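Here is my note on the charged pairs in this model. Please read it with the structure open.

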Amino acid sequence: MDPTVCLLLFLLHVVTVKCSTEPLVDVIVDRYDVPKVCPREVQTEDFIRYHFNGSLHADGKKFDSSHDRGKAFISQVGLGRLITGMDRGLQGMCVNERRRIIIPPHLAYGSVGTGEVIPPDAVLVYDVVLLDIWSTEDKVQIRTLSKPTRCNRTIVASDFARYHYNGTLLSGAPFDSSYSRNETYDTYVGKGHLIRGMDKGLLGMCVGERRVIIVPPFLAYGESGSGTRIPPQATLVFEVLMVDIFNPKDDLIVEVKEVPEGCNRRTVTGDYIRYHYNGTFQDGTAFDSSYQRNSTYNTYIGMGYVIRGMDKALIGLCIGEKRRITVPPHLAYGEDGVGDLIPGSAVLIFDIHVIDFHNPKDPVDIKVTHKPDDCKMTSEADDLILYRYNCSLMDGTLLYSSDNQNSPSTTTLGANMVISGLETGLIGMCVGERREVVIPPHWGHGESGAGGVPSSAVLFFELELVELQKGVPEGFMFVWLGDSPDPLFPAMDLNR
């Protein structure tokens, strides 16, 4: 067929189609952008919040726009509060869906139109994006994202909570985040300090739990909204991480992890203690550690030198004992916290290990572990002695030992050649006698310590007297040990 004839027939077909177009009978919906996930669709009696551009089908002229007004349109669907075509065209929409709704006149403003804005018998086109859906029957929705395997406590009304959150509208638009401020949101739960939906949504959470809380507008900020970020009648979505929980009535929680055998003495008020610790928050975040400093924490007990909770928790401990101590903020650093180290209202957890303790009034403690049957001569001032020893800290850490030397140690008692506590422990010994001697720091190296000996350390000595040479009795310049020579005076002055 001739190409010219083909073209003529095609043009006649187009004209025929245009001329034979029938008037619209019903709403035409073009869902040109639908989210992959749509947990909820618009139904009759739902409230919705949406943006739209309205234009005339005939010439594309815009007659209205919520975008231009800077305020989304809010209405209830299916109850005649919208033109019939919109009531039908909005049905089944998802949040963030975009659709074009074409409405014939008899489902819009009919043959009358509306003022000078919409002429009679006008076909209307609405480009709509749905921002929010809710119903008066809605409740707070909770979806748990993750939960710790161990959850000893959950939030109840009147608890104080510290949590992080990201807040978005139902459309996903962010309105607030505690992370952006780098600080938790701290508040009482169930006492009206929060919007009603959050008061309900936080109940039952564990420290470390993550959940999504969806709050309908009437349990959030309702018709008023909040500032410029939360519009009126907005559903709010909070992704929450619970960081901390406590109650103002909470007391210390002490969990004994390990107690050594043979605990003959426990700490009391006025004792001085040396202990190691790891300090964490309830979510496991570390804030301090004596191990990292390679130095024990040293303090008096029950005298106000540490936070009140620790002062109480350090009572009744054995040397070598390990405990976990949970301290509520009103027994720790309270609402103020400590600079950037400890936030306000933080619960603190200390895992402690007691290295030693003593009282400033403690004497040297001597325990004889072996005494020979023949014990007629004992050590005293001015005696020259040879002795073996092991010197340790109370946790068993060996500091010094005469076994590492070529021969036993030698000293003259009363000559201030050793620490006073050791000299006390060596007095009154027989050759072959063995002793265990506990020396508090005021009888040892004191607050300053010494090479290898930490400050304020209690020392544990294992002693054995190897040899004893009696010293000069009172009133004598010297004595001859053994049989005296003959002649005596030349032997006394060998160097003349």
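The points below cover salt bridges and their surroundings.

1. The model is predicted. It holds 31 salt bridges. I take up a few of them here.

2. Start with Arg211 and Glu209. Their side chains meet in a salt bridge, with N to O at 3.1 Å.

3. Next, look at Lys322 and Glu258. This salt bridge has its closest N and O atoms 4.0 Å apart. Lys322 lies in strand E17 (residues 322-327) and Glu258 in strand E13 (residues 253-258), so the pair ties together parts that are 64 residues apart in sequence. Lys322 is partly exposed, with 33% relative accessibility. Glu258 is partly exposed too, with a relative accessible area of 41%.

4. Strand E17 also holds Arg324. Which residue forms a salt bridge with Arg324? The partner is Asp351, and the closest N and O atoms are 2.9 Å apart. Asp351 sits in strand E18 (residues 348-358), so this pair links distant parts of the chain, 27 residues apart. Relative accessibility is 22% for Asp351, which counts as partly exposed. Arg324 counts as partly exposed at 27%.

Key. Residues are numbered from 1 along each chain as its sequence is written. This is a predicted model: local features need pLDDT of at least 70, side-chain atom pairs count only at pLDDT 80 or more; totals for chains, interfaces and linings use all residues. Side-chain values use heavy atoms; hydrogens and water are left out. Helices (H or I, at least four residues) and strands (E, at least two) are DSSP runs, numbered from the N terminus. Buried means under 20% relative accessible area, exposed over 50%, partly exposed in between (1.4 Å probe, protein chains only).
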